[in-house]
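Visitor: I would like a close look at a single part of this structure. Please take me through it step by step.

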Amino acid sequence: MKNTMHKKKYFGFVILLVMSVLFFTACGSMNTNSGSSTKESSTTQMDVNKNETGEGRSMEEREGFSIREISDDLFDRMKAGNTYKEDCIVPREDLRYLLVLHKDKDGNIHQGEMVVHKLIAEDVLEIFEKLYDADYPIERMVLPDNYLADDEIMMRDNNSSSFNFRFISHTNKVSKHGLGMAVDINTLYNPYHKIVTNEDGTTEEVIEPATGEAYLDRTKDFDYKIEKDDLCYKLFTEKGFEWGGDWTDRKDYQHFELPTDITEKYSEGL
Ligand SMILES: [Zn+2]
């Protein structure tokens with residue numbers, strides 16, 4: 001929050017000189033535009049420029065980092081893109097839209113976006129602020145709707161994301177991603193891996209994304225790899241998240257989730 005004081009002074013200065021909220025908004029727009037550069041920014045730029053909504057962070061918001069409620073336009077996008085499916089039991093009001101800056105491995109700055117549950121919105125925003133400040137590399141962060149909510153395609157593209165509504169197979173329980181209570185980071189390089197035993201006793205190996213097989217050997221060194229005790233691991237686990245890389249019956253190296261009981265809340269009465 002280094003620039004909070006600067007922003008407050010700037011705000012007062014503009015008010016005194018111009019006495020116009022509209023003019024101030026225009027100035028804010030120009031500042032924001034100069035601060036982010038990316039191929040993904042075009043879809044989110046309009047939202048970046050708004051400073052009037054969020055979770056009480058409004059005027060103290062850091063440029064490029066914000067929490068917003070789900071706007072009508074965004075809700076339409078989530079329905080068309082299939083993350084907010086017809087049978088979604090999580091109310092739109094319980095979700096939040098995060099805008100965060102992130103840097104890829106070459107240091108290029110991108111405007112990222114992510115929908116999460118409101119219960120973790122503040123914590124996740126803070127984590128991404130710290131990752132950005134520490135130059136922790138995250139390659140891509142757009143909504144799964146850009147991939148029509150197809151997990152495999154999205155993971156192959158190394159996209160980082162959270163909310164994507166779905167029930168756990170053959171249950172009426174909603175998955176952590178279906179609640180927006182789990183976050184996947186740098187998915188291609190941190191794949192999901194499980195040995196599944198079939199009913200006939202045979203086993204099969206599940207790797208998601210399938211193109212992530214080369215990154216299952218965690219003794220190797222490669223870009224975008226999440227490691228136990230690295231900054232990403234530390235920031236999420238400090239906030240109470242579990243890391244899928246710590247699981248023993250399967251590995252989900254990209255995955256951080258908050259182990260709370262809100263799944264039950266949304267599963268009751270189904
Ligand atoms: Zn996950």
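Which residues in helix 5 meet which residues in helix 8?

Guide: A word of caution to begin: this is a predicted model. Now to the contact. From helix 5 come Ile127, Lys130 and Leu131. Their partners in helix 8 are Leu231, Cys232, Leu235 and Phe236.

Next, the geometry. Helix 5 covers residues 118-133, and helix 8 covers residues 231-238. Their axes come within 10 Å of each other and cross at roughly 160°. An angle over 145 degrees counts as roughly antiparallel. Therefore helix 5 is roughly antiparallel to helix 8. The crossing of the two helices is right-handed.

Stay with helix 5 for a moment. Phe128 lies in this helix too. Is Phe128 buried or exposed? Count its surroundings: 27 C-beta neighbours sit inside 10 Å, so Phe128 counts as buried. The cut-off for buried is 20 or more. Leave aside residues up to four places away in sequence, and Phe128 touches Val100 and His102. Gly112 is 16 residues from Phe128 along the chain. The C-alpha atoms of Phe128 and Gly112 are separated by 9.8 Å.

Now follow the chain past helix 5. Asp135 is found in the loop between helix 5 and helix 6, which spans 151-156. Look at its backbone. Most residues other than glycine have a negative phi. Asp135 has a positive phi, near 60°, and is not a glycine. Asp135 counts as exposed because it has 11 C-beta neighbours inside 10 Å. The limit for exposed is 12 or fewer.

Compare another loop residue. Asn186 is found between strand 4 (182-184) and strand 5. Asn186 also has a positive phi, about 45°, although it is not a glycine. What about its surroundings? Asn186 has 25 other C-beta atoms within 10 Å, so it is buried.

Take the two pairings in turn. Strand 5 (residues 192-197) runs antiparallel to strand 6, and 6 bridges join them. Here Tyr192 stands opposite Glu208 in strand 6. Strand 5 also pairs with strand 8 in the antiparallel sense, over 2 bridges. His193 has Lys251 in strand 8 as its bridge partner.

How does the chain get from strand 5 to strand 6? The two strands form a hairpin, with 5 residues between them. Gly201 is in the turn, and its phi is positive, about 90°.

Most peptide bonds are trans. The bond from Glu208 to Pro209 is cis, with omega near 0°. Pro209 is found in the loop between strand 6 and helix 8. That brings us back to helix 8, where Leu231, Cys232, Leu235 and Phe236 meet helix 5.

Definitions and conventions: Residues are numbered from 1 along each chain as its sequence is written. This is a predicted model: local features need pLDDT of at least 70, side-chain atom pairs count only at pLDDT 80 or more; totals for chains, interfaces and linings use all residues. Axes are lines fitted to C-alpha atoms, for helices over the stretch in contact, and angles run from 0 to 180 degrees between N-to-C directions. Helices (H or I, at least four residues) and strands (E, at least two) are DSSP runs, numbered from the N terminus. Angles under 35 degrees count as roughly parallel, over 145 as roughly antiparallel, 65 to 115 as roughly perpendicular and the rest as oblique. A crossing is left-handed if the near helix is turned anticlockwise from the far one by less than a right angle, and right-handed if clockwise. Two residues are in contact if their C-beta atoms, placed from the backbone, lie within 7 Å. Two strands pair if DSSP finds at least two bridges between them.
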